[in-house]
Number of protein chains: 2
Amino acid sequence: MKIYSYTNLSKQKIEDICLRTLEDDAAIAERVGQIINQVKTTGDQALLDYAGQFDGVKLERLFLDEQEIETIASEIPQDAREAIETAYANIRMFHAAQLKTEDKIETMPGVSCWRESRPISRVGLYIPGGSAVLPSTFLMLGIPAMLAGCEEIVVCSPPQKDGKTNCYLAYCAKLLGIKKIYLAGGAQAIAAMAYGTTSVPQVYKIFGPGNRYVTQAKQQILASGIAAIDMPAGPSEVLIIADRSASPAFVAADLLAQAEHGSDSQSILVSTSTELIAEVMQEIDNQISYLPRATVAAAAIANSYAVHCENLQQAMAFSNAYAPEHLILATEEFEALIPQISNAGSVFLGNLTPESAGDYASGTNHTLPTSGFAKAYSGVSTDSFLKKITFQHITPSGLKAIGPAVEILATAEGLQAHKNAITIRLKSTDGY
Amino acid sequence: MKIYSYTNLSKQKIEDICLRTLEDDAAIAERVGQIINQVKTTGDQALLDYAGQFDGVKLERLFLDEQEIETIASEIPQDAREAIETAYANIRMFHAAQLKTEDKIETMPGVSCWRESRPISRVGLYIPGGSAVLPSTFLMLGIPAMLAGCEEIVVCSPPQKDGKTNCYLAYCAKLLGIKKIYLAGGAQAIAAMAYGTTSVPQVYKIFGPGNRYVTQAKQQILASGIAAIDMPAGPSEVLIIADRSASPAFVAADLLAQAEHGSDSQSILVSTSTELIAEVMQEIDNQISYLPRATVAAAAIANSYAVHCENLQQAMAFSNAYAPEHLILATEEFEALIPQISNAGSVFLGNLTPESAGDYASGTNHTLPTSGFAKAYSGVSTDSFLKKITFQHITPSGLKAIGPAVEILATAEGLQAHKNAITIRLKSTDGY
């Protein structure tokens with residue numbers, strides 16, 4: 001892990017080390033384009049073929065029905081059931097609080113304007129299930145979709161070797177009231193939800209993480225205009241700001257938790273203390289050897305770096321330039337830093353709030369902007385499953401108040417018919 | 001204007017007539033790709049060259065400064081000044097009400113989660129200025145950007161023949177406190193804001209309407225991941241639901257107001273009354289001849305259609321399938337229809353609320369999802385200029401409450417380091 005000194009970094013160098021290059025792999029893009037086209041043209045048959053080819057299973061049918069989900073869900077161990085229920089309750093409480101109705105605003109006497117939310121009626125959730133099964137992702141996407149009131153929630157997850165799904169996902173489906181799980185993974189699942197097949201319903205917006213094929217498929221679907229997506233995605237990342245009040249062991253554990261996701265993950269340490277940086281490095285060495293995914297974590301750590309800053313203000317400046325997906329403030333002074341945060345996906349405050357709490361169960365969403373997208377994007381929330389429609393109503397006296405301004409502006413923009421729509425009403429309002 | 005009968009339309013036929021094909025013009029895409037690349041590599045020089053080539057002006061400098069803006073703004077006629085001020089006040093009031101702070105949620109004792117909004121620090125606004133100058137667009141984008149607190153608001157608008165901008169835009173800049181207007185239009189303006197040049201600052205999100213070159217440039221910028229955009233865009237459109245309580249003259253005026261935007265605009269009439277449809281057709285014929293943009297409007301009307309429905313429920317079903325950018329409920333029964341609206345950008349209620357009121361001055365935003373994107377996207381609002389960052393804080397007792405659930409879920413997902421980040425803290429909390 002390379003160590004930089006903030007005061008020695010030029011503006012250009014800061015930009016360079018903050019840059020996460022999204023690999024533009026032409027071979028993957030081309031292959032994904034082929035897969036999308038195949039699903040678009042041959043539908044279910046393509047999904048069955050790809051399940052054989054990529055997942056190694058011969059499927060009879062492309063989904064599990066309610067009864068099958070119920071049976072599989074019943075196999076869940078008691079402790080996992082309780083853990084999922086705890087996570088479910090917390091995530092539900094936090095996301096339910098995001099549902100708001102808004103007041104009508106009378107912008108002028110007789111001119112009322114307001115917004116009302118409506119669910120996106122058909123949404124698609126992609127739940128990865130290759131190297132790891134991710135019940136947490138199912139909760140993070142399924143709960144806000146359900147709270148928003150989406151009529152059709154299409155869930156795709158790759159089939160396991162037995163041609164089914166696992167008990168954790170099945171139990172999540174049961175909790176969420178989702179009656180079908182479509183057994184499709186990868187780019188082909190994204191294509192199926194975007195274009196629809198005989199089995200898989202077409203949706204208007206697609207959510208969920210995945211490997212580079214899934215991510216590339218979502219980008220191509222977005223570009224084609226056929227469906228919206230949650231957000232662009234790159235490898236996961238954490239940035240930890242730590243001062244002398246931090247625990248080197250905790251900081252190392254958090255850096256490693258990020259690092260075990262994949263060798264392209266980044267675990268960035270920003271500290272006001274060179275001693276702490278050294279201690280954290282030592283702790284990483286101590287802890288990493290016990291990890292089942294030590295090789296992956298070691299590669300990610302090698303791909304990461306530490307920045308030594310003179311003070312916490314410099315540390316925050318660096319963090320805002322990096323715009324991390326996850327930001328941990330491993331300092332007792334976190335309160336003072338909150339107003340200085342401008343770019344981050346989700347923030348973990350103090351020494352007892354690890355990222356993994358938010359990954360699973362604290363209540364916040366774990367679908368967050370990576371790769372610097374936190375400069376312009378928010379993470380997934382209940383809002384992501386809603387549209388806000390504006391409404392307006394004008395009374396006869398409102399029309400008289402607002403009409404002349406509209407007529408003048410329409411004329412200034414050379415749009416005579418826009419003006420006429422007002423004039424013709426104004427002329428007739430004496431009759432109202 | 002073709003007339004369909006809803007009850008005779010098959011599901012497939014409804015899909016077909018609701019489809020707005022976004023023309024995939026390979027020649028435009030290629031040309032825009034070249035322009036973007038030229039701006040990316042040669043910066044200001046490319047902008048100066050394109051101003052000569054496309055706008056027919058030789059610029060000395062790529063922006064107007066505060067003093068120049070002030071001078072140009074002083075030329076605004078008194079009535080236009082007052083009209084802009086009325087629009088400004090209404091739009092500001094409606095968008096200011098969208099700024100909200102949210103409560104902290106204690107999802108479990110000792111586990112607090114909340115969201116805080118932060119402005120997108122650098123945003124770019126594209127204000128068209130070719131065939132028409134659009135002060136209304138400047139207000140619709142500038143006001144929420146200012147309210148959100150965006151630090152750098154970069155405004156690009158093509159130079160007029162005199163190498164300046166017009167007095168309406170200059171006056172809007174003055175009201176908004178914007179001190180520079182960059183004199184760049186078309187795809188080159190979008191590229192300049194995405195990549196930055198010596199003169200034009202780089203931004204993280206780009207807003208604004210434009211011709212097909214501008215729209216294509218925004219799509220390519222989005223696909224490259226270099227900046228976010230407000231939303232995908234296609235030609236403008238209105239759908240009017242009208243019953244016998246509607247005025248044929250008002251409906252015709254509203255259809256024509258939409259039609260004058262461009263020959264590819266759609267003006268859709270959905271009515272429960274064949275008599276009203278006939279009367280509206282007659283009124284269109286009467287009114288169109290007086291329009292300066294009659295040829296454009298006639299082409300758009302020819303490109304549009306009417307649908308006769310048995311009742312307002314059928315009309316709403318058709319409207320939701322179409323997902324119009326603008327929906328006018330030209331009926332006295334609009335209240336009962338509001339809950340049935342699921343897909344629309346902005347809704348105009350009753351016979352005295354023309355779309356042009358919302359285009360300019362009622363207070364709602366006129367940057368709205370076209371081409372069926374209203375199924376998944378909202379229009380521009382103050383939210384569009386903000387990100388919501390999630391925060392969480394866990395106390396020692398909170399960690400004990402939530403810890404076991406996180407440990408079990410991390411283990412279920414095979415992520416041992418995620419579990420360790422909890423375990424190592426739980427082990428030490430006796431010391432807290």
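**Before you start**

The model is predicted: local features need pLDDT of at least 70, side-chain atom pairs count only at pLDDT 80 or more, and totals for chains, interfaces and linings use all residues. Residues are numbered from 1 along each chain as its sequence is written, chains are lettered from A and ligands numbered from 1 in the order in which they are written, and side-chain values use heavy atoms, with hydrogens and water left out.

**Stop 1**

Chain A has 17 helices and 15 strands. Both are DSSP runs, numbered from the N terminus: helices are H or I with at least four residues, strands are E with at least two. Along the principal axes, the C-alpha atoms fill a box of roughly 85 × 60 × 45 Å.

Of the 432 residues, 62% count as buried. Buried means under 20% relative accessible area, exposed over 50%, and partly exposed in between (1.4 Å probe, protein chains only).

Look at contacts next, meaning heavy atoms within 4.5 Å. Among contacts in chain A with a separation of 6 or more, 75% join residues 24 or more positions apart.

Colour by charge. The mean positions of the 32 positive and 46 negative charges lie 10 Å apart. Lys and Arg count as positive, Asp and Glu as negative; His and the chain ends are not counted. Each charge is placed at NZ of Lys, CZ of Arg, CG of Asp or CD of Glu.

**Stop 1: the domains**

Colour three ranges of chain A: domain 1 (26-102 + 118-229), domain 2 (234-378) and domain 3 (395-431). These bounds come from an automatic or database domain assignment. Taken over C-alpha atoms, the centres of domain 2 and domain 3 of chain A are 57 Å apart.

**Stop 2: the annotated positions**

Select Ser236(A), Gln258(A), His261(A), His326(A), Asp359(A), Glu413(A) and His418(A); an unreviewed UniProt entry gives them the feature "binding site". They spread over 183 residues of sequence, and in space up to 55.5 Å between C-alpha atoms. UniProt positions are given in the numbering used here, feature names are shortened, and annotations may be inferred rather than shown by experiment.

**Stop 3: His261(A)**

Zoom to the loop between α10 (248-259) and β11 (266-271) of chain A, where His261(A) is found. His261(A) counts as partly exposed because its relative accessibility is 35%. Which residues does His261(A) touch, not counting those up to four places away in sequence? They are Ser236(A), Arg293(A), Val296(A), Leu415(B) and His418(B).

**Stop 4: Asp359(A)**

Move to helix α15 of chain A, the place of Asp359(A). Asp359(A) is at 7% relative accessibility, so it counts as buried. Beyond four places in sequence, Asp359(A) touches Ser136(A), Met140(A), His326(A), His366(A) and His418(B).

**Stop 5: His418(A)**

Select helix α17 (residues 416-428) of chain A and pick His418(A) in it. Is His418(A) buried or exposed? His418(A) counts as buried, because its relative accessibility is 1%. Leaving aside neighbours within four places in sequence, the contacts of His418(A) are Ala410(A), Ala257(B), Glu260(B), His261(B), Ser356(B), Asp359(B) and Tyr360(B).

**Stop 6: Met108(A)**

Go to strand β3 (residues 105-108) of chain A, which holds Met108(A). Met108(A) has a relative accessible area of 16%, so it is buried. Arg92(A) and Met108(A) are 16 residues apart along the chain, with 39 Å between their C-alpha atoms.

**Stop 7: two backbone angles**

Select Ala323(A), in the loop between α13 (312-322) and β13 (326-330) of chain A. Ala323(A) is not a glycine, yet its phi is positive, about 55 degrees. Ala323(A) is buried because its relative accessible area is 0%.

Finish at Ser371(A), in the loop between α15 (355-360) and β15 (386-394) of chain A. Phi of Ser371(A) is also positive, near 55 degrees, in a residue other than glycine. With a relative accessible area of 14%, Ser371(A) is buried.
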